[in-house]
Amino acid sequence: MSHVGDEELRQLQEFIEELRGHFIVFDSSRVRDVEYARERLVPDYQKDLVIDMDPFFEKYRSIKPFFITYEPDPPVERFQSQEDRAKIDDSTKCILCGACTGSCPSFWGNKEYVGPAAIVQAHRFIFDSRDQGANERLEILNDRDGVWRCRTVFNCVDACPREIDVTRAIGEVKKLLLFNRMA
Ligand code: SF4
């Protein structure tokens with residue numbers, strides 16, 4: 001096994017530090033000895049793509065991406081009209097790829113921002129007629145690093161491989177928050 005020198009090692013460590021928390025494709029040509037890097041520098045290194053998705057999924061979990069109900073389960077499935085289902089048609093298409101969050105200038109400037117992907121996921125439940133946790137999620141998104149960080153740049157819409165109108169979903173959540181505040 002060939003080893004990289006001290007200087008290369010230092011550069012490699014700096015490079016990996018730069019990558020942490022970013023959605024960047026790792027250029028494996030910059031690592032001369034992949035096995036060495038795997039063993040010594042990045043134990044969780046998989047192939048030639050280094051993405052630290054933990055912060056992304058922490059934000060995803062923060063908006064409670066699961067059904068919340070306070071009534072006993074019905075004897076049959078929970079019904080939903082076609083009109084109500086249509087309200088979440090777009091946001092249910094999300095595959096959590098993170099492209100929208102990775103393309104968002106507000107997120108580049110503030111890594112605490114919950115990000116468009118988490119808001120799309122929140123939208124999916126907030127506007128689901130069978131769910132009863134909308135107020136809990138709205139409270140979370142009303143935080144200073146919540147939905148108001150969106151500056152309607154539309155990068156997320158261009159980035160989304162599922163062609164979700166991410167900015168519209170964020171706008172609908174903002175509108176609901178304003179509506180609730182006025183009610
Ligand atoms: S880019 Fe689209 S599919 Fe990917 S996480 Fe964002 S909303 Fe979901």
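These legends go with a set of close-up views of one predicted model.

Local features here need pLDDT of at least 70 and side-chain atom pairs count only at pLDDT 80 or more, while totals for chains, interfaces and linings use all residues. Residue numbers run from 1 along each chain as its sequence is written.

View 1. The protein chain has 10 helices and 0 strands, where helices (H or I, at least four residues) and strands (E, at least two) are DSSP runs numbered from the N terminus. Written out along the sequence, that gives α-α-α-α-α-α-α-α-α-α. Of the 183 residues, 25% are buried. Buried takes 20 or more other C-beta atoms within 10 Å of a residue's own, exposed means 12 or fewer, and partly exposed is in between, with C-beta atoms placed from the backbone. Among contacts with a separation of 6 or more, 74% join residues 24 or more positions apart; a contact needs C-beta atoms, placed from the backbone, within 7 Å.

**View 2. The shell around the ligand.** Here sit 15 residues, with Cys94, Cys97, Cys100, Ala117 and Cys160 coming nearest; to be near, a residue's C-beta atom, placed from the backbone, lies within 6 Å. Helices H5 (99–102) and H7 (116–126) each bring at least two residues to the shell, and H7 gives the most, with 3. Sorted by class, the shell comes out as 13 nonpolar, 1 polar and 1 charged. Nonpolar covers Ala, Val, Leu, Ile, Met, Phe, Trp, Tyr, Cys and Pro; charged covers Asp, Glu, Lys and Arg; the others, Gly among them, count as polar.

**View 3. The largest nonpolar core.** This core holds 27 residues, and Ile119, Ala122, Val166 and Val173 touch the most other members. A nonpolar core is a set of buried Ala, Val, Leu, Ile, Met, Phe, Trp, Tyr and Cys residues joined through C-beta atoms within 7 Å. Leaving out residues up to four places away in sequence, Val166 touches Cys100, Pro116, Val120, Cys156, Val157 and Cys160.

View 4. Phe56, Lys59 and Tyr60 are the buried ones to look for in H3. Down the helix axis, the buried residues of H3 fall within an arc of 105°, so they line one face; the arc is taken over the directions from the axis to the C-beta atoms. Their cover includes H5 and H7. Over on the other side of H3, Asp54, Glu58 and Arg61 are exposed. Just after H3, Lys64 takes a positive phi of about 60°.

Conventions:
Two residues are in contact if their C-beta atoms, placed from the backbone, lie within 7 Å.
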